[in-house]
Amino acid sequence: MSDTAQIIDGKAIAKQIRDELAVDVVEFIQNNSVVPCLAAVLVGDDPASEVYVRNKRRACEHVGIDSQLHRLPADTTQDELLDLVAKLNKDNEVHGILVQLPLPAGLDADQILLAVSPAKDVDAFHPTNVGRLVQGKPRFLPCTPHGVMQLLKRTGIDTAGQHAVVVGRSDIVGKPLAQLLSARGADATVTVCHSRTNDLPGITRQADILIAAIGKPEFITGDMIKPGAVVIDVGVNRTDAGLVGDVEFESASKVASHITPVPGGVGPMTIAMLLVNTLRAAQALEQ
Ligand SMILES: Nc1nc(=O)c2c([nH]1)NC[C@@H]1CN(c3ccc(C(=O)N[C@@H](CCC(=O)O)C(=O)O)cc3)C=[N+]21
Ligand SMILES: [Mg+2]
């Protein structure tokens, strides 16, 4: 067993996916005389959201997808936001709609996500798209879980028969990732852990593939990892020491066989998969 894990380069794999996508975008534009377009809605001025939205815009430019940014003030009402979503739903130039989360306090995110046309729901957050995923008939795959699956696949890690332990049960990552890992074709055996799990280290140490999606900086330490396990860190925690994941990289990388860094791991993949979904939305809407 080597004492230093192979680092999974999410930045490089995301670039590879964007390069492949750029070719498909050119072909789509030639066939349809339409440019795929992603509309992002940003309410308020959360600094973290500013970074994501800027990264998304730049990534769109790189692959030839148009992007719109709709900025609304923090005191926007529920009805004003619903009006904008309704307008984007009807706009034939817009193929993908993303409402950046979290929304400012006072806005009901569930009602907003329900208002996004499922055909343009490139986050795959609408209950229709969540249900389709659970039934094994997805229209869009949610971006972060899909990004994790692509990281595993493109690193040559076979999930079939493996014990995958997902720490975290959010609607955005934990729950859909557990679905994708256990789906036919991926064929992992999945355990979902959370804040009420008894003896968490006893369970994480059974993981062949350990996914950290809890939102607690450096929560997973090397002693919680089975030697040779694959460790995927979905955390994006802003601390005084900068951006850190949910995994303590230094101790974990001495035990794992493969590990994703933060930054440069899952984050860039999330954005690449958002672009993939935008092209897919445009293909379905323009066909
Ligand atoms: N409707 C919606 N859809 C989302 O997909 C969504 C969202 N809301 N709200 C916030 C979370 C978080 N998220 C990230 C995207 C990119 C990076 C990313 O690019 N991270 C870089 C570093 C960026 C930095 O320096 O801050 C990296 O890890 O290398 C991280 C996190 C998308 N989210
Ligand atoms: Mg929730």
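Ser-170 sits in the loop that joins strand S5 (163-167) to helix H7 (174-182). The model is predicted. Ser-170 is partly exposed, because 15 other C-beta atoms lie within 10 Å and a buried residue needs 20 or more. Leaving aside residues up to four places away in sequence, Ser-170 touches Lys-175 and Ala-213.

Val-236 lies in another loop, between strand S8 (230-233) and strand S9 (237-239). Is Val-236 buried or exposed? Val-236 counts as buried, because it has 21 C-beta neighbours inside 10 Å and the cut-off is 20 or more. Its contacts, not counting residues up to four places away in sequence, are Leu-243, Val-262 and Gly-267.

**Helix H7**

Of the 9 residues of H7, 7 are buried, so the helix is largely enclosed by the rest of the structure. Those buried residues are Gly-174, Pro-176, Leu-177, Ala-178, Gln-179, Leu-180 and Leu-181. What do they pack against? Their partners are helix H5 (127-134), helix H6 (143-154), S5, strand S6 (189-193) and strand S7 (209-212).

Two packed helices are described by the angle between their axes and the distance between the axes. Here are the values for H1.

| Helix pair | Axes come within | Crossing angle |
|---|---|---|
| H1 (residues 10-32) and H10 (residues 266-286) | 9 Å | roughly 15° |
| H1 and H2 (residues 47-63) | 8 Å | roughly 55° |

Take H10 to begin. H1 and H10 cross at roughly 15°, which makes H1 roughly parallel to H10. Their crossing is left-handed. The contact of H1 with H10 holds 15 nonpolar, 4 polar and 4 charged residues. On the H1 side, the residues include Ile-13, Ala-14, Ile-17, Leu-21 and Phe-28. On the H10 side, they include Met-269, Ile-271, Leu-275 and Leu-279. Gly-267, one of the H10 residues that meet H1, is also touched by Val-236.

Now H2. H1 and H2 cross at roughly 55°, which makes H1 oblique to H2. Arg-18, Leu-21, Ala-22 and Val-25 in H1 meet Ala-59, His-62 and Val-63 in H2. By class, this contact has 5 nonpolar, 1 polar and 1 charged residues. Arg-18, Leu-21 and Val-25 of H1 take part in the contact with H2 and also in the contact with H10.

How values were computed. Residues are numbered from 1 along each chain as its sequence is written. Chains are lettered from A and ligands numbered from 1 in the order in which they are written. This is a predicted model: local features need pLDDT of at least 70, side-chain atom pairs count only at pLDDT 80 or more; totals for chains, interfaces and linings use all residues. Axes are lines fitted to C-alpha atoms, for helices over the stretch in contact, and angles run from 0 to 180 degrees between N-to-C directions. Helices (H or I, at least four residues) and strands (E, at least two) are DSSP runs, numbered from the N terminus. Angles under 35 degrees count as roughly parallel, over 145 as roughly antiparallel, 65 to 115 as roughly perpendicular and the rest as oblique. A crossing is left-handed if the near helix is turned anticlockwise from the far one by less than a right angle, and right-handed if clockwise. Two residues are in contact if their C-beta atoms, placed from the backbone, lie within 7 Å. Ala, Val, Leu, Ile, Met, Phe, Trp, Tyr, Cys and Pro count as nonpolar, Asp, Glu, Lys and Arg as charged, and the others, Gly among them, as polar. A residue is buried if 20 or more other C-beta atoms lie within 10 Å of its own, exposed if 12 or fewer, and partly exposed in between; C-beta atoms are placed from the backbone.
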